[in-house]
Amino acid sequence: MIAQLHSAAAQIRQAVRAATEGLVGREQLAELIVLAAVAQEHILVIGPPGTAKSAVVRRVAQSMGGRYFEYLLGRFTEPSELFGAVDLKKLREGTVETDVSGMLPEADIVFLDEVFLGSTAILNTLLGVLNERRFRRGHTQVQCPLRVCVGAANGLPDDEALAAFGDRFLLHLFVESVPDNQLEAMLAGGWQSEQRPVQQLLGLTQLDTLSQAMKSVDLGNVRPALAQAIRRLREAGIQLSDRRIVKSQRLIAAAALLGGRLEASEADLWPLLYVLPTQETQQHGREVLRDLFAASSNSHLFSAVEEATLQPMSRFNRLLETAEDYLARSEPPASAVLEGLLREIDANFDSQTLPEPLQQARGQLTRLLTPAE
Amino acid sequence: MSALAQPWAWRSRQVPAEPQAAVAWGDAARRLHRRLALIPAEQAARLQATANGDVLVVTGMTADLPWVDAVAYAAPSACAPGLWLPTRWAPDVPEDLLGQALSARFKRLPLLVWREPQVVIPLDRLQTVSPEVLQRIATYWGARHATA
């Protein structure tokens with residue numbers, strides 16, 4: 001069982017890498033989509049337009065295989081544009097059925113841009129699909145294969161009814177435009193990723209292997225720490241609904257599985273940060289939970305853990321993986337790229353704090369560089 | 001470290017700052033100097049340098065900063081303009097107060113406060129990196145070496 005988990009988690013990691021190649025600063029989103037898919041939950045991405053949200057979701061979907069459905073909602077979007085038109089043949093026979101072929105109810109991975117612009121009819125039908133994986137409309141009742149729905153919006157809605165809909169997305173991720181110092185990398189990477197199609201590296205079976213193992217994950221050891229974290233958040237004035245608190249356990253279990261373990265520990269607490277609904281509560285929560293997050297790490301979801309916890313050990317995993325990737329290449333990357341990685345290693349660790357595997361990789365990278373003297 | 005009336009100490013940062021200066025001492029300073037001589041002119045034009053005895057400090061955007069073995073990095077304090085600190089270390093006293101105390105004492109700004117060795121380096125005479133500036137630094141070091 002454990003070997004199977006390890007293999008599925010490692011293959012998913014490869015797929016995340018392939019999907020985000022060239023998309024600067026978007027690994028976190030790809031990793032959280034995977035986390036949500038394993039937990040059978042949904043993710044809401046909030047950020048300005050043009051921040052490569054749809055590109056990442058599309059590429060993750062391509063690398064995982066499965067049926068993908070994407071739609072940009074507007075105020076005048078009709079339910080039939082998402083769920084399918086009325087089946088006219090059946091209508092003549094006197095029943096109102098929807099022809100869902102190729103539409104959202106049949107998709108494994110769904111991306112809905114500007115999700116809060118959907119009409120009440122659309123959002124109500126979506127609730128059933130998101131919560132119960134069941135599409136109901138007229139006489140049509142279909143069990144949906146949906147693994148994960150990614151919703152995107154420019155901001156969180158003020159309207160209470162819409163906010164309640166937004167609350168059904170357990171993970172909230174706030175994305176920003178790429179920072180100034182990464183603009184060159186974004187331009188080069190964006191150019192490359194447009195030229196290169198994503199290979200399908202997985203079937204949905206790896207995802208299903210992990211999802212099915214969810215019920216076997218032992219959360220006994222992590223519950224006291226989770227309760228402690230919730231108490232700390234409440235003391236700091238950050239309230240979470242009981243539903244979100246209970247459901248956060250699914251993400252913690254999924255994080256353990258993606259780390260190749262059937263027993264969750266304090267290392268898997270970090271997804272709790274993404275359960276906090278607003279950007280302010282996430283920023284505040286990161287400070288409040290800093291010491292509880294100290295043990296956080298994941299051997300396959302580096303960026304998501306690093307961003308949640310800002311801990312050096314999660315940064316270590318990402319730096320080590322990048323170093324190993326550079327060292328494994330038959331043609332090493334350009335000196336400027338190697339120097340960039342060495343600069344980041346040295347800015348984060350000194351000889352006393354540098355973990356042994358990274359120290360070795362650093363030595364090898366140094367030798368790859370043509371000596372300046 | 002207690003250059004001021006109130007003693008204070010360094011604590012390691014949970015979240016290292018984004019490097020905006022490369023700082024090299026001794027042999028590493030010589031290596032950094034040689035590395036600077038090899039970088040493209042357009043990149044050099046985005047960097048500024050100052051040398052002070054045994055240390056070479058190069059400031060610029062993170063992506064432009066050179067790397068050599070044993071180089072360390074620094075960044076300006078987020079809450080004390082004019083106070084530069086190592087990326088991995090922070091003072092255990094409020095940075096704005098430390099910045100004010102140091103600027104009153106040293107009368108120059110900005111100041112780079114270093115942990116090992118414990119020194120304060122003024123950064124008010126940074127010059128854009130060019131072959132001439134590098135030559136002047138080499139000559140300065142050579143003269144110091146000859147008189148040492």
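## Loop residues in chain A

A:Glu114 counts as partly exposed, with 17 C-beta neighbours inside 10 Å. On the cut-offs used here, a residue is buried if 20 or more other C-beta atoms lie within 10 Å of its own, exposed if 12 or fewer, and partly exposed in between, with C-beta atoms placed from the backbone. Bear in mind that this is a predicted model: local features need pLDDT of at least 70 and side-chain atom pairs count only at pLDDT 80 or more, while totals for chains, interfaces and linings use all residues. Residues are numbered from 1 along each chain as its sequence is written, and chains are lettered from A and ligands numbered from 1 in the order in which they are written.

Back to A:Glu114: its phi is positive, about 50°, although it is not a glycine. You'll find A:Glu114 in the loop between β3 (109–113) and α6 (120–132) of chain A. (Helices, H or I of at least four residues, and strands, E of at least two, are DSSP runs numbered from the N terminus.) That loop between β3 and α6 of chain A also holds A:Ser119, which is partly exposed with 15 C-beta neighbours inside 10 Å. A:Ser119 and A:Pro79 are 40 residues apart in sequence, yet their C-alpha atoms are 8.2 Å apart in space.

A:Gln40 is another non-glycine residue with a positive phi, near 55°. A:Gln40 sits in the loop between α2 (27–39) and β1 (43–46) of chain A, and with 16 other C-beta atoms within 10 Å it is partly exposed.

## A hairpin in chain A

Strands β4 (residues 134–137) and β5 (residues 140–143) of chain A run antiparallel and pair over four bridges; two strands pair if DSSP finds at least two bridges between them. A:Arg137 faces A:Thr140 of β5(A). Two residues separate β4(A) and β5(A) in this hairpin, and A:Gly138 in the turn has a positive phi of about 60°.

## The sheet of chain B

Over in chain B there's an open, mixed sheet of eight strands, in the order β9-β8-β6-β5-β2-β4-β3-β10. Its edge strands, β9 (119–122) and β10 (127–128) of chain B, each pair on one side only. Further in, β2 (residues 21–25) and β4 (residues 55–59) of chain B are antiparallel partners, with five bridges. One of the bridge pairs joins B:Ala24 to B:Leu56 in β4(B).

Helix α1 (residues 26–38) of chain B packs on this sheet, touching β2, β3 (48–52) and β4 of chain B, and its direction makes about 130° with that of β2(B). Contact here means that the C-beta atoms of two residues, placed from the backbone, lie within 7 Å. Axes are lines fitted to C-alpha atoms, for helices over the stretch in contact, with angles from 0 to 180 degrees between N-to-C directions.

## Two cis prolines

The peptide bond from B:Leu109 to B:Pro110 is cis, with omega near -10°. B:Pro110 belongs to the loop between α3 (95–106) and β8 (111–114) of chain B. The bond from B:Glu116 to B:Pro117 is cis too, with omega near 0°, and B:Pro117 is in the loop between β8 and β9 of chain B.

## Where the chains meet

Chain B puts 21 residues into the contact and chain A puts in 15 residues. On the side of chain B that touches chain A, α1 and β5 (72–76) of chain B are the elements that give two or more residues. The largest share of that side, four residues, comes from α1(B).

By class, the chain B side has 13 nonpolar, three polar and five charged residues. For that tally, Ala, Val, Leu, Ile, Met, Phe, Trp, Tyr, Cys and Pro count as nonpolar, Asp, Glu, Lys and Arg as charged, and the others, Gly among them, as polar.
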